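Trainee: Could you walk me through this model one question at a time?

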Amino acid sequence: MTEEFPTPQLIDDLDLESSHDRTRVFKDLLAGTAGGIAQVLVGQPFDTTKVRLQTSEVNTNAVKVIEDLLKNEGFMGFYKGTLTPLIGVGACVSLQFGVNEYMKRFFRDINGDGSTQLTLIQYYLCGVAGGFTNSFLASPIEHVRIRLQTQTGSGASVQFKGPVDCLKKLWSNGQLMRGLTPTMLRESHGCGVYFLTYEALVSQQVKSGIDRKDIPAWKLCLYGAASGTLLWTMVYPLDVIKSVMQTDNLKAPKSGNNIVSVGRSIISKQGVLGLFRGFGPTMLRAAPANAATFATFETAMRLLG
């Protein structure tokens with residue numbers, strides 16, 4: 001690289017002393033858990049609508065799904081299976097943020113220049129590491145959540161009596177980790193884009209002379225909203241494939257057993273647009289859910305010190 005085109009740098013203003021705090025990992029995980037809980041509470045109605053659209057076997061739209069859900073299951077139908085993501089997503093986001101923060105400290109030590117600066121690619125790799133690690137936790141948690149979200153019956157007629165019963169039945173059929181491959185691809189690249197976008201936006205404030213801890217909450221919300229929207233734009237077809245895999249018949253899948261066969265099945269039945277079913281509700285969810293996630297995470301980090 002010549003001096004005219006230097007390697008792009010971002011500035012993270014966490015001081016070096018705090019980066020070696022022995023309680024730092026615990027604080028990162030705790031703040032991530034808070035962010036994950038906020039994400040679920042804000043985003044669950046959008047997510048339920050998205051999953052029902054993605055897995056519907058008939059042509060429908062978001063308005064029809066919402067009308068039928070309210071008519072047949074009431075408003076709380078939007079929060080079916082919420083206990084699993086409330087606990088699970090809290091853990092997943094905690095792991096994402098925890099690994100991301102750890103990798104940021106790792107790259108600072110590798111750079112060895114005494115500063116807190118990372119390159120753009122390093123921020124991306126931090127997110128990739130967080131997403132890849134999280135995928136092994138997210139895949140079974142999302143599988144249970146999606147099975148419960150797509151149940152439309154009640155009482156003795158339902159296949160799964162709750163999260164624990166669903167978990168046991170998926171395990172006994174050897175299908176708990178179904179959908180792991182698309183989850184790994186979605187989480188790795190998606191989180192790479194997610195955290196890079198957020199750090200890039202935060203860095204603009206830091207470069208203008210504002211300490212990270214002084215960035216107002218409304219800006220953190222905007223940055224989180226932008227990061228979440230870009231994430232889902234980049235990986236959405238993978239999420240559709242994962243949802244179809246995780247709602248297919250446990251013993252005799254109709255759509256196939258891998259990404260390629262499931263993708264081909266969706267396209268053959270619905271065309272390429274089938275890979276984008278539920279995209280609208282997802283985009284509507286991405287902004288508020290991820291705004292809440294990052295704002296809550298940053299607030300928790302400031303409170304924890």
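The questions below go from the overall chain to its core, its pocket and its cavities.

Mentor: A quick word on ground rules: this is a predicted model, in which local features need pLDDT of at least 70 and side-chain atom pairs count only at pLDDT 80 or more, while totals for chains, interfaces and linings use all residues. Residues are numbered from 1 along each chain as its sequence is written, and side-chain values use heavy atoms, with hydrogens and water left out.

Trainee: How many helices and strands does the chain have?

Mentor: Helices (H or I, at least four residues) and strands (E, at least two) are DSSP runs, numbered from the N terminus. Starting at that end, the order is β-α-α-α-α-β-α-α-α-α-α-α. That gives ten helices and two strands.

Trainee: What share of the residues counts as buried?

Mentor: Buried means under 20% relative accessible area, with exposed over 50% and partly exposed in between (1.4 Å probe, protein chains only). The chain has 305 residues. The buried share is 49%.

Trainee: Which residues does W232 contact, leaving aside its neighbours within four places in sequence?

Mentor: Contact means heavy atoms within 4.5 Å. With those neighbours set aside, the partners of W232 are K50, R186, D239, F279, T282, M283, R285 and A286.

Trainee: Which helix supplies the largest share of the lining of the largest pocket?

Mentor: On a 1 Å grid over the protein atoms alone, a pocket is an open set of points with protein on both sides within 12 Å along at least five of seven lines, a cavity is a set where a 1.4 Å probe fits but cannot get out, and lining residues have an atom within 4 Å of a point. The largest pocket has 37 lining residues, with T55, S56, E57, T150 and T247 nearest its centre. Helices α2, α3 (62-73), α8 and α9 each supply at least two lining residues. The largest share, six residues, comes from α3.

Trainee: What is the volume of the largest cavity?

Mentor: Grid points are joined across faces, edges and corners, and a volume is the space filled by probe spheres set on the points. The whole structure has two cavities of 30 Å³ or more. The largest is lined by 24 residues, and Q39, E142, E187, W232 and R285 are the closest to its centre. Its volume is about 390 Å³.

Trainee: How many charged residues line the second largest cavity?

Mentor: Asp, Glu, Lys and Arg count as charged, Ala, Val, Leu, Ile, Met, Phe, Trp, Tyr, Cys and Pro as nonpolar, and the others, Gly among them, as polar. This cavity has a volume of about 30 Å³, and its lining includes F97, E101, R212 and F294. The lining has five nonpolar residues and one polar. The charged ones number four.
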